[in-house]
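Biologist: Can you walk me through this one? I'd like to start with the charged pairs, then look at the strands.

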Amino acid sequence: MSQQPSQSEPPGPERLADAFSVRDIDLTEAGVRYYGDPVADTTEVLRQVGPRFRQEGYRVRLRAESDEHVLVATERSLGVDGVPWTNVVLALATLVSTLYAGTRWYDLSVAADPGVLLRAWPFAAAVLGILAVHEFGHYALSRYHQVQASLPYFIPLPFNVIGTLGAVIKMQDNIPDRRALFDIGVAGPLAGLVATVAVTAVGVTLDPIRVSGGIITKLELGYPLLIRGIAAALGEPLAYSDPNLLPNPVVIGGWVGAFVTFLNLIPVGQLDGAHISRSLVGERMDAVQVVVPVLLFCLAGYLFMFEGGRGAPLWGFWGILAVVFARAGTATPLVEAPLGPRRRALGVLTLVLGALCFVPVPIAVSM
């Protein structure tokens with residue numbers, strides 16, 4: 001059964017007149033469509049009418065259709081209707097792909113014995129556990145602030161040494177204010193960091209793995225300060241003089257968690273870092289999103305010029321993604337009241353912790 005907000009009649013045209021001039025109304029199964037003309041720009045219209053619709057149990061968006069504007073109000077639902085088959089199928093596919101990736105770190109041959117997939121469960125559990133904790137952090141705070149959001153969508157990446165591109169949730173609602181945007185945005189990275197620290201601490205205490213060769217021995221992982229600090233605190237190594245001796249694959253799961261956390265905290269588009277930064281700096285976020293791609297391209301250029309190109313393609317690609325994400329826009333809360341000092345301090349701390357997950361060359365192939 002899905003949990004519904006308190007539902008009542010949607011606002012009538014007269015209640016929208018100061019923001020949207022209504023010419024016609026169309027009732028649908030999901031809600032109401034108001035045809036007319038905005039009195040102000042799109043953002044201002046949503047800020048004026050959004051809180052009224054939320055109070056009545058609706059989310060709202062403004063669309064342009066066939067040379068006219070439509071204010072679309074849709075009933076909100078905070079629960080899950082039926083079995084979320086897409087989420088389930090993607091989660092199972094990602095489980096299989098991470099198990100297969102894990103067999104490479106454990107030097108197991110799936111071709112010789114498909115049953116060895118199950119022996120790679122510690123790696124898969126480490127990676128999927130961190131991703132799940134991260135995404136359910138977002139989901140829990142979305143429910144707390146009564147913002148409609150999907151369950152996590154895991155993204156499989158077959159035949160790769162990691163096995164996944166991560167996971168996402170979709171916020172399918174108006175964000176009521178900066179506090180809600182901040183809490184939802186910061187919950188994922190902080191929860192994921194806790195899981196990353198725990199997984200890494202366990203991983204470095206486990207026995208290393210001896211491999212016979214192949215692509216895994218040619219991979220050079222750059223460990224960020226967070227991972228190196230945990231290993232140093234526990235007195236455990238991350239590298240060995242024997243090139244065929246590698247850290248336990250659970251450590252690689254911790255590395256994946258740190259890498260994903262840093263990428264998520266890049267402040268552009270709909271990434272977590274953008275939600276946090278938008279909450280902190282408000283509409284000055286536009287300037288931030290101009291600077292970020294420039295910094296990423298500069299990093300790629302530096303690595304190309306002075307580090308033999310190691311890591312340059314990765315950050316060049318992310319520079320392009322940052323431009324695309326920035327053009328797509330970031331979340332805009334309905335109410336722009338600034339954050340209090342505690343949330344501002346927590347936001348800065350989260351971004352600093354994200355910086356501890358950064359390494360210029362996360363992964364490279366040795367010749």
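Modeller: Ground rule for those pairs: a salt bridge is a side-chain nitrogen of Lys or Arg within 4 Å of a carboxyl oxygen of Asp or Glu. Keep in mind that this is a predicted model.

Biologist: How many salt bridges does that rule give?

Modeller: The count is 15.

Biologist: What does glutamate 283 pair with?

Modeller: Arginine 47. Their side chains form a salt bridge, 3.0 Å from N to O.

Biologist: Is glutamate 283 buried or exposed?

Modeller: Exposed. Its relative accessible area is 53%, and the cut-off for exposed is over 50%. Arginine 47 is at 18% relative accessibility, so it counts as buried, with the limit being under 20%.

Biologist: What about arginine 54, which partner does it have?

Modeller: Aspartate 173. The closest N and O atoms are 3.5 Å apart. This pair also links distant parts of the chain, 119 residues apart. Arginine 54 is in helix α1, and aspartate 173 is in the loop between β6 and α4.

Biologist: And how accessible are those two, in relative terms?

Modeller: Arginine 54 is at 15%, so it is buried. Aspartate 173 has a relative accessible area of 12% and is buried as well.

Biologist: Which strands does β2 pair with, and in what sense?

Modeller: β1 (residues 20-27) runs antiparallel to β2, joined by seven bridges. A hairpin of three residues connects β1 to β2. Phenylalanine 20 stands opposite proline 38. β4 (residues 68-75) also pairs with β2 in the antiparallel sense, over six bridges. There, tyrosine 35 is opposite valine 70.

Biologist: Back to charges. What does arginine 33 form a salt bridge with?

Modeller: Glutamate 65, with the closest N and O atoms 2.5 Å apart. Arginine 33 lies in β2 and glutamate 65 in β3 (residues 58-65), so the pair ties together parts that are 32 residues apart in sequence.

Biologist: Are those two buried or exposed?

Modeller: Both arginine 33 and glutamate 65 are buried.

Conventions: Residues numbered from 1 in each chain as written. Predicted model: local features only at pLDDT ≥ 70, side-chain atom pairs only at ≥ 80, totals over all residues. Heavy atoms only, no water. Pairing = 2+ DSSP bridges. Helix = DSSP H or I, 4+ residues; strand = E, 2+ residues; numbered from the N terminus. Buried < 20%, exposed > 50% of the residue type's maximum accessible area, 1.4 Å probe, protein only.
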